[in-house]
Amino acid sequence: MSSTTLNNVPIAVPGTPDKARWERAVPVFAFPVVTSFFFVLLAFALLAVLLTAYREVVGLGPVSGMNDKFGWGIWKTFNVVVLTAWGSGAFAVGIAAWVFRRKRLFPLMRMALLTSFLAYACGLCLLGVDVGRPWNFYWVLFPWNWNVHSPMAEVAICMSVYASIPLFLENIPPVLERLWYFDARLRPGVERAERGLHKLYPFIIALAYLLPGMHQSSLGALMLLAGQRVHPLWQTPFLPLLYLGAACFMSFGCVAGTTMLCCLVWKRAMDMEILDEAARITAWLIFGWTALRLLDILFRGALPTAFHFDRFAGIFWLETFLTGYGCRLLFRSLKNHKLRTMFMGYTISSVGGMLYRFSPTTLAYMPGPKAEYFPSLIELLVAIGFVTVGLAAFLLMVKLFAILPAPAQDWRDMARYFEARRPYISWTKYFNFGFFGDTEPISPDILSDKVSHKDSD
Amino acid sequence: MAITRRELITNIAKAGVPAAVAMTITTTVGTQTLQAEEVPVPNAPVGLLYDASLCIGCKACEAACNEANNTPPDTRGDGLHQAPIDLNVYTRNIIKLYKPEDGSPSSFVKRQCMQCFDPACAAGCPFEALYKDEDTGAVRWDGVKCIGCRYCTITCPYSVPRFQWLGINPVITKCELCSHRLAKGLKPGCTSVCPVGAVIFGPRTVLLLEAKRRIKNNPGRYYQDRVYGETDNGGTQCLYLSKVPFVKLGLPEIGPESVPSTTLRWQRRIYSYFALPALLYAGLVTVIRKNLKGHEHEAHELEKETGLRAQL
């Protein structure tokens with residue numbers, strides 16, 4: 001029994017066996033990669049690259065709004081601190097799936113890994129643009145020069161190691177899979193690589209949970225050293241834990257929300273059982289996080305400052321309202337199974353979380369009287385450009401590789417689609433997914449909607 | 001779920017027994033404080049004593065500082081006067097004036113690096129580009145190690161380090177107590193020219209005695225009869241005397257414990273000897289290895305059933 005909602009996307013109602021069940025990651029096959037929107041993204045990215053070159057020549061002062069009082073601009077405080085929280089999906093969803101055995105979340109893992117990798121890669125690239133003396137970064141290779149108790153060292157080292165080793169390796173399977181389908185001659189090599197990767201997996205995955213746990217909390221610890229310069233509503237010994245918690249619920253929102261959005265845009269079926277599971281976890285995470293935050297503020301005695309009529313109190317209540325209302329919408333969506341409610345819940349709570357991650361470094365940071373910071377146009381364009389690079393790469397990846405979850409029927413549809421276009425494919429040698437080889441022959445019973453049971457019979 | 005959690009905990013415990021034992025032995029037997037919390041004391045800490053009640057605001061020290069550090073005078077205001085608004089990349093030392101509207105006592109203040117015993121800038125510096133000089137205790141900057149992250153400008157409670165906003169090879173500038181002059185046996189530039197002796201240079205212990213002598217000889221002259229920097233922020237090598245509250249001069253009341261020791265306490269405990277992360281890693285590996293095996297098995301079962309290649 002399936003019902004339909006917006007855009008006639010079929011959704012599966014929990015508890016009933018259904019065709020909308022997510023069983024397999026399937027590329028977004030019938031949509032062109034190169035669209036006008038893709039060109040717009042690339043244009044922004046190109047502009048950002050040009051402006052980056054300009055920044056390297058003239059220095060940070062002329063291109064940004066940063067100054068002696070506000071040493072950090074949005075490149076660090078938004079693109080790194082906030083967007084990597086969105087990109088913690090590989091950590092949060094992964095821990096829920098692999099450590100706490102929420103097996104239903106497995107279909108979301110490839111989305112989580114991809115969004116994480118892109119968020120981290122873009123953030124780290126922009127970090128390289130933001131720091132003044134990036135050529136000295138080679139010190140990261142010499143552990144005896146690390147200041148191990150510095151949160152900054154931990155963030156810098158952990159993040160670059162995490163993005164370049166475990167996260168990168170975790171994103172390889174879809175690529176290997178595509179190679180496997182691309183040409184039968186590649187298969188022995190691909191299978192050897194897969195076996196090697198699988199042997200390493202426990203160690204890689206464990207590292208992929210340890211490192212983000214460390215650096216996402218250290219991002220909070222960064223502002224501990226700023227002491228009294230961060231407003232008491234935010235400055236707390238629990239800052240690392242709260243930053244980590246915010247990363248968890250924001251990344252759930254990012255992974256599930258992005259998946260929902262993709263399914264709407266590309267007319268994919270939605271598995272409400274999985275989405276409900278994610279929404280339930282997110283809602284409880286937000287609930288626990290908000291409770292921890294409010295209790296901490298209460299016990300530190302900072303609550304009266306929340307009732308001063310100033311900017312800080314306003315931001316605090318806005319954050320609390322956004323996360324709280326998002327949490328409420330998510331709980332409500334568990335009952336009414338409305339995609340709109342769930343999506344709004346994810347969006348609003350994520351915006352609230354983003355504001356929270358942004359505040360201690362910028363909005364609630366008080367370096368002294370008359371200190372002002374507002375990002376310059378160039379700064380904004382570069383920040384946007386480094387997001388659009390990630391978006392463009394995401395669109396490319398989702399269309400070329402099996403990332404987005406779908407019912408198994410979509411895989412068969414894809415087979416049929418490329419079977420029909422085989423002459424075109426053989427001419428371009430571009431997208432050879434239609435070649436299904438020995439274990440997956442294009443047989444009539446696969447092309448029909450029946451599932452073949454040749455092995456089990 | 002209950003079983004899973006218990007398994008998680010038991011697995012972590014199993015994997016971590018040796019590590020936990022090692023950690024317990026190393027942290028409890030022996031000293032109570034962690035290695036990182038023992039602030040190494042310089043061999044011969046030297047510093048400045050600035051008496052704001054003596055300063056006449058002539059700014060001779062500013063010019064002397066420029067000369068000593070070979071930085072150009074900051075005449076960016078009108079092209080004629082050396083009149084920086086605050087510390088900046090050309091200005092490592094500045095005289096400011098606190099003059100309240102209501103006519104209560106006003107005061108000049110000399111601002112430069114406080115040379116903390118436990119500097120927040122060095123505690124946060126990722127590759128130890130900012131470091132405490134072993135002998136003089138001056139907080140110095142090493143351009144070979146600095147990545148230009150500007151974390152020091154965020155953490156310094158006195159807002160001292162400055163980043164160069166122009167050019168392709170930006171540097172961090174801050175008062176380094178004229179370490180190059182100290183090496184030649186000369187005093188820091190600012191102390192060599194002060195006409196009234198408002199700022200003097202010497203070993204910190206001597207300066208502290210001198211400050212206390214002044215307080216004793218002039219009861220009621222100084223704010224709270226207190227030397228700022230004696231214990232503030234864990235002790236600083238530059239000491240201040242003032243008639244007006246120190247906060248008005250831009251010296252925050254931090255308390256006797258240094259910023260790094262209070263704020264990074266738990267951070268340092270958690271990461272001490274990297275034992276806890278290692279423990280967690282071992283636990284995660286065992287749990288994931290088990291779950292992965294089950295997952296692979298299920299995926300291959302599904303492959304046999306549907307005829308579609310397993311996606312792992």
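Predicted model: local features only at pLDDT ≥ 70, side-chain atom pairs only at ≥ 80, totals over all residues.
## The interface between chains A and B

Chain A gives 83 residues to the contact, and chain B gives 74. The size of an interface is often given as the accessible area lost when the parts come together. Here the area buried between chain A and chain B is about 6,900 Å². Carbon and sulfur atoms give 58% of that area. In chain A, the residues that lose the most area to chain B are A:Arg133, A:His149 and A:Leu225. Together they account for 12% of what that side buries.

Polar links also cross this interface. There are 43 residue pairs in polar contact between chain A and chain B, both partners being at pLDDT 80 or more. The rule also finds 5 salt bridges across the interface. A:Asp130 forms a salt bridge with B:Arg150, with the closest N and O atoms 2.9 Å apart. Helix H10 of chain A (residues 187-224) supplies 18 residues, the largest share of the side of chain A that touches chain B.

## Charges over rings

Besides its salt bridge with A:Asp130, B:Arg150 lies over the face of B:Phe163, 5.1 Å from the ring centre.

B:Arg309 lies over the face of A:Trp180, at 4.0 Å from the ring centre. A:Trp180 belongs to helix H9 of chain A and is one of the buried residues there.

## Aromatic pairs

A pair of aromatic rings is described by the distance of the centres and the angle of the planes. Over all chains, the structure holds 27 aromatic pairs. Among them, A:Trp72 and B:Tyr151 are stacked, with 5.6 Å centre to centre and 15 degrees between the planes. This pair crosses between chains. A:Trp72 sits in the loop between helix H2 (60-63) and helix H3 (74-80) of chain A, while B:Tyr151 is in helix H4 (residues 151-155) of chain B. A:Trp72 is buried, at a relative accessible area of 1%. B:Tyr151 is buried as well, also at 1%.

A:Tyr120 and A:Tyr162 make an edge-to-face pair, at 5.0 Å centre to centre and 80 degrees between the planes. This pair links distant parts of the chain, 42 residues apart. A:Tyr120 is in helix H6 (residues 109-130) of chain A, and A:Tyr162 is in helix H7 (residues 151-164) of chain A. A:Tyr120 is buried at 0% relative accessibility. A:Tyr162 is buried too, with a relative accessible area of 0%. Elsewhere in chain A, one aromatic cluster is formed by A:Tyr138, A:Trp139, A:Phe142 and A:Trp144.

## Helix H9 of chain A

Helix H9 of chain A spans residues 172-182. Its buried residues are A:Pro173, A:Pro174, A:Leu176, A:Glu177, A:Arg178, A:Trp180 and A:Tyr181.

What do the buried residues of H9 in chain A pack against? Their partners in chain A include helices and a strand. The helices are H6, H8 (166-170), H10, H15 (377-400) and H16 (408-420). The strand is E3 (24-25).

A:Ser116 is in helix H6 of chain A. Its relative accessible area is 0%, so A:Ser116 counts as buried. The side chain of A:Ser116 reaches two backbone atoms. One is the backbone nitrogen of A:Ala90, at 2.8 Å. The other is the backbone oxygen of A:Ala112, at 2.8 Å.

Leaving aside residues up to four places away in sequence, A:Ser116 touches A:Gly87, A:Ser88, A:Gly89, A:Ala90 and A:Leu167.

## Positive phi in chain B

Most residues other than glycine have a negative phi, and most peptide bonds are trans. B:Gln115 is not a glycine, yet its phi is positive, about 50 degrees. B:Gln115 lies in the loop between strand E3 (107-111) and helix H3 (120-124) of chain B. Is B:Gln115 buried or exposed? B:Gln115 counts as buried, at 0% relative accessibility.

B:Glu128 also has a positive phi, near 60 degrees. B:Glu128 is in the loop between H3 and strand E4 (130-132) of chain B. B:Glu128 is partly exposed, with a relative accessible area of 31%.

Technical notes: Residues numbered from 1 in each chain as written. Chains lettered and ligands numbered in written order. Heavy atoms only, no water. Phe/Tyr/Trp six-rings, centres within 6.5 Å; stacked < 30°, edge-to-face > 60°. Helix = DSSP H or I, 4+ residues; strand = E, 2+ residues; numbered from the N terminus. Buried < 20%, exposed > 50% of the residue type's maximum accessible area, 1.4 Å probe, protein only. Lys NZ or Arg CZ within 6 Å of the ring centre and 35° of its normal. Contact = heavy atoms within 4.5 Å. Buried area = accessible area lost by both parts, 1.4 Å probe. Salt bridge = Lys/Arg side-chain N within 4 Å of Asp/Glu carboxyl O. Polar contact = N/O pair within 3.5 Å; in protein donor to acceptor, adjacent residues only side chain to side chain.
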